[in-house]
Amino acid sequence: MPRKKDHKLDRQVGSLLRQTRIIRGYTLQQTAELLDITYQQVQKYEKGDNRITVTRLIDFAEAYEIDLHSLMPRGRIIDQPMLSPGELRAAQIAHAIKNELILAKWIEIGKCLISKPNVSG
């Protein structure tokens, strides 16, 4: 049986699913349990190997307690992860900070580092 044609949109949505899962602090297994599916199926959605239905996308949004639009690509569909590993880790850390004042300071530090890209540490 011939393999279905790869679709950049499926991979882009999958990448958003994976990034959201990691930022929210869920494992593949935890996500699978929330959705009552196997972790392998979650992994296939995240890789874009299996096309996801709108109903299942809504299930993901509800499980992650986010707006459905957060899982929809914006702008041009590209064939690469939306965030680098470092950006993903920074978003994960920001999500974990519950104190608004500390989060604001953390963001301020990040902005300072961005404005001085040649500073080595």
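Modeller: Start with handedness. A crossing is left-handed if the near helix is turned anticlockwise from the far one by less than a right angle, and right-handed if clockwise. Helices are DSSP runs (H or I, at least four residues), numbered from the N terminus. Here, H2 passes H4 in a right-handed crossing. This is a predicted model: local features need pLDDT of at least 70, side-chain atom pairs pLDDT 80 or more, while totals for chains, interfaces and linings use all residues. Residues are numbered from 1 along each chain as its sequence is written, and side-chain values use heavy atoms, without hydrogens and water.

Colleague: At what angle do the axes of H2 and H4 cross?

Modeller: Two packed helices are described by the angle between their axes and the distance between the axes. Axes are lines fitted to C-alpha atoms, for helices over the stretch in contact, and angles run from 0 to 180 degrees between N-to-C directions. The axes of H2 (residues 28-35) and H4 (residues 54-64) cross at roughly 115 degrees and come within 10 Å. So H2 is roughly perpendicular to H4 (65 to 115 degrees; under 35 is roughly parallel, over 145 roughly antiparallel, the rest oblique).

Colleague: Is Thr-31 buried or exposed?

Modeller: Buried means under 20% relative accessible area, exposed over 50%, partly exposed in between (1.4 Å probe, protein chains only). Thr-31 counts as buried because its relative accessibility is 1%. Thr-31 lies in H2.

Colleague: Which residue has a side chain in polar contact with that of Thr-31?

Modeller: A polar contact pairs N or O atoms within 3.5 Å; within protein, one must be able to donate a hydrogen and the other to accept it, and residues adjacent in sequence count only if both atoms are side-chain atoms. The side chains of Thr-31 and Tyr-64 are joined at 3.3 Å.

Definitions and conventions
Helices (H or I, at least four residues) and strands (E, at least two) are DSSP runs, numbered from the N terminus.
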